[in-house]
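Biologist: I'd like to learn how to read helix packing and salt bridges from a model. Can you walk me through it?

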Amino acid sequence: MPSRGTSLVSRGVFSGRSHHLLSELEAIYFYLLERRAGTAEIREQWPILDMDRTLELCARFGVRPRMRNGYPEPFTIDFLVTERVDGRLTHRAASVKSPEDARDPDIRLRLAVEHAWCQHRGIPWTLVDTQRFDKTMLETLRFVRGWFRHQYAPDPALEDRFVAQFTAHHAPNRLLSEVLVRVSRSLRQTMATVEDAFRYCAWSGRIQLSLAHGLAMDAPVVLKADLAHA
């Protein structure tokens, strides 16, 4: 697939397969989806193979189909998300565009085709608001997702103890490395273990950090509670 911007491949936490993401904005949304408790499956660049219907919609909205070797290419939806809602699996579609692309008249017409096709099939469709997506948010999400790269096995009992000790030792002006050294001593766990426990607790939402602020071992951790009391 052609893409503008930075494309990357990321192995999924749920699926174990490689997910092909065509921009940093898509990567941010993908990581946010993975953090949601109800997410069951994420399919990216999902093709609409119902060519007759999409060509009808192209004619309605005045969209010229993209052609390859004399044949129209299928439209693709950035993400088809499967979620558990009230004990049952549901599907929804999401398109991820930069604010500039979302205002582009030609792109908006193509999005109208996606929306109309999903509406016809009873699939909720949304255009994701990406105005707050930036490199800081992406790097913070990558940092906390490091527990998965390091093959950390979640341990609820350890994480309960970790959160209690982290809360006791955290301070708005204290470096993350300093906090984790204290937690390591309190729990009698290695630094590698407490670092990944921190990443997992932040990724899963047990530690409510601000995604709008950078995250590093040599910097304080900005929590949502810190901002609320600032």
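Biologist: Which residues in H1 meet which residues in H5?

Modeller: Keep in mind that this is a predicted model. On the H1 side you have Glu24, Ala27, Ile28, Tyr31, Leu32 and Arg35, and they meet Lys135, Met137, Leu138, Leu141 and Arg142 in H5. Sorted by class, that contact has seven nonpolar, no polar and four charged residues.

Biologist: And how do I describe the geometry of a pair like that?

Modeller: Two packed helices are described by the angle between their axes and the distance between the axes. Here, helix H1 (residues 24-35) and helix H5 (residues 135-144) pack at about 45°, and their axes are 10 Å apart. That angle makes H1 oblique to H5.

Biologist: Is the crossing of H1 and H5 left-handed or right-handed?

Modeller: Left-handed.

Biologist: Now the charged residues. What do the side chains of Glu24 and Lys135 form?

Modeller: The rule to apply is a side-chain nitrogen of Lys or Arg within 4 Å of a carboxyl oxygen of Asp or Glu. Glu24 and Lys135 form a salt bridge, at 2.9 Å from N to O. Glu24 sits in helix H1 and Lys135 in helix H5, 111 residues apart, so this pair links distant parts of the chain.

Biologist: Are Glu24 and Lys135 buried or exposed?

Modeller: Glu24 is partly exposed, at 22% relative accessible area. Lys135 counts as exposed because its relative accessibility is 55%, and the cut-off for exposed is over 50%.

Biologist: Which residue does Glu139 pair with in a salt bridge?

Modeller: Arg142, again with 2.9 Å from N to O. Both lie in helix H5, three residues apart, which is about one turn of the helix. Glu139 is partly exposed with a relative accessible area of 43%, and Arg142 is partly exposed too, with 26%. Arg142 is also among the H5 residues that meet H1.

Biologist: What about Asp78 and Lys97, are they buried or exposed?

Modeller: Both are buried. Their side chains meet in a salt bridge, 2.7 Å from N to O. Asp78 lies in strand E6 (residues 75-85), and Lys97 is in the loop between strand E7 (88-96) and helix H3 (99-103), so the pair ties together parts that are 19 residues apart in sequence.

Biologist: How many salt bridges does the count come to?

Modeller: It comes to 13 salt bridges.

How values were computed
Residues numbered from 1 in each chain as written. Predicted model: local features only at pLDDT ≥ 70, side-chain atom pairs only at ≥ 80, totals over all residues. Heavy atoms only, no water. Axes fitted to C-alpha atoms, helices over the stretch in contact; angles between N-to-C directions. Helix = DSSP H or I, 4+ residues; strand = E, 2+ residues; numbered from the N terminus. Parallel < 35°, antiparallel > 145°, perpendicular 65-115°, else oblique. Left-handed = near helix turned anticlockwise from the far one by under 90°. Contact = heavy atoms within 4.5 Å. Nonpolar A, V, L, I, M, F, W, Y, C, P; charged D, E, K, R; others polar. Buried < 20%, exposed > 50% of the residue type's maximum accessible area, 1.4 Å probe, protein only.
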